[in-house]
Structures are given as C-alpha cells and as structure tokens.
Amino acid sequence: SRHESVHLGKGLAMSIGGLCYFSVAVQFLSYPAGSDWSLPGLVIIYTLLGISRATYEGTLRSVTADMYPDDGEGAFGNIILFGGSASTLGYVLSVTDVLRCEQVSRYCVEYSDGSVHNVLVMEVLVIVMSVLAIPSFWRAIWMFRSSQSVSEEGSDDEGSVQMSVATSPVV
C-alpha cells in the first residue's frame, strides 16, 4: 500500500539520521578535546550533523503529518515540547555546576571561558537517545501500519467505514 512504501523509505531516512547523531557522539567520545582533530575530521562531523539535522527538521515532521493527519496540532506540539525540553536540559546541564570538573582530564574539557566541563555525560546521553530512537521509530511505524490495516478492514470499496452496531436485549 501507499503508506507502507512511504514509511519504509522515511523509516530508513530516520534510521540514517539516528546513526549520524550516534556517529557524531562516538567521534566526540573518541576525541573529546578536539585539539587533535583534522580538517577532514571536521568535515565529517559537520556532514553528519547536517544529515541528522535535516532528518529531524524534514523527515520527522513529514512522518508526523502522515501518522497524525487529523491531530496535527497535538502531534507537532509534542515535537516542540520534547525538542524544547531537550534543549533546556542541555542548557541547564552546561551552565550549572552539575557538569563542572576541578581539573582538565580526558573528558573534562576546558571551554573558551576557562571553565572545565565533563563532556562525557552529554556524549553518553546522545548515544543512548540515538540508540533508543531507531527501534522506537520502527515500532511506531509498525503500530501505525497495524492501525491502518485494522481501519482498512472495516472499509468498503468506496473508502467509507462500515459500522456494526451491537444490539442488546431490552430487559
């Protein structure tokens, strides 16, 4: 059906976006200080970030519109809520003393303002979320297809839904 082909292609795109976020975090995990990065390494990071952002900004919204055609306001509101919550969490973690370190070490990196922050927590958060996002998205596609097949079973040739009314005996 039309929905299967659309969502399989978009599912692949979403999976690639999640893998790109994962790859960026792994690169930062491998080389946290950034001082030993080369120009090709930076090009790879920016390319992966571009692909992952494009996936989030475009494909995610397209899939949301497909999956919630009658409740777009609520669905897009959830995207804004979760995106804003993640941004707020990242901001709060980065400006408070929660991630501050006493001295520079492998994962305690000195920022341009002279403060020293533990970047390992952020890297692990990105890795965990990207690993969870990919199977979660495929599960959402499966649930959407299941609900579509149930609703198509109750339709006649003209696309209208057949309603069956159960009658109960009057006592």
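Reply: First, a term: buried means under 20% relative accessible area, exposed over 50%, and partly exposed in between (1.4 Å probe, protein chains only). This is a predicted model, where local features need pLDDT of at least 70, side-chain atom pairs count only at pLDDT 80 or more, and totals for chains, interfaces and linings use all residues. Residues are numbered from 1 along each chain as its sequence is written, and side-chain values use heavy atoms, with hydrogens and water left out.

Me: Is T55 buried or exposed?
Reply: T55 is found in helix α2; helices (H or I, at least four residues) and strands (E, at least two) are DSSP runs, numbered from the N terminus. The relative accessible area of T55 is 10%, so T55 is buried.

Me: Which backbone oxygen does the side chain of T55 reach?
Reply: A polar contact is a pair of N or O atoms within 3.5 Å; within protein, one must be able to donate a hydrogen and the other to accept it, and residues adjacent in sequence count only if both atoms are side-chain atoms. At 2.8 Å, the side chain of T55 reaches the backbone oxygen of I51.

Me: What does S130 touch, not counting residues up to four places away in sequence?
Reply: S130 lies in helix α4. It is buried, because its relative accessible area is 5%. Its side chain reaches the backbone oxygen of I127 at 3.0 Å. By contact (heavy atoms within 4.5 Å), beyond those sequence neighbours, S130 touches G18, Y21 and F22.

Me: Which handedness does the disulfide of C101 and C108 have?
Reply: A disulfide is a pair of cysteine sulfur atoms within 2.5 Å. The sulfur atoms of C101 and C108 are 2.1 Å apart. C101 is buried at 17% relative accessible area, and C108 is buried at 12%. The torsion about the S-S bond is about -60 degrees, so the disulfide is left-handed.

Me: Which element gives the largest share of the lining of the largest pocket?
Reply: A pocket, on a 1 Å grid over the protein atoms alone, is an open set of points where a 1.4 Å probe fits, with protein on both sides within 12 Å along at least five of seven lines; lining residues have an atom within 4 Å of a point. The largest pocket holds about 2,000 Å³ of space. Its lining has 49 residues, and those closest to its centre are Y21, Y56, A86, M129 and A133. The largest share, 14 residues, comes from α4.

Notes: Grid points are joined across faces, edges and corners, and a volume is the space filled by probe spheres set on the points.
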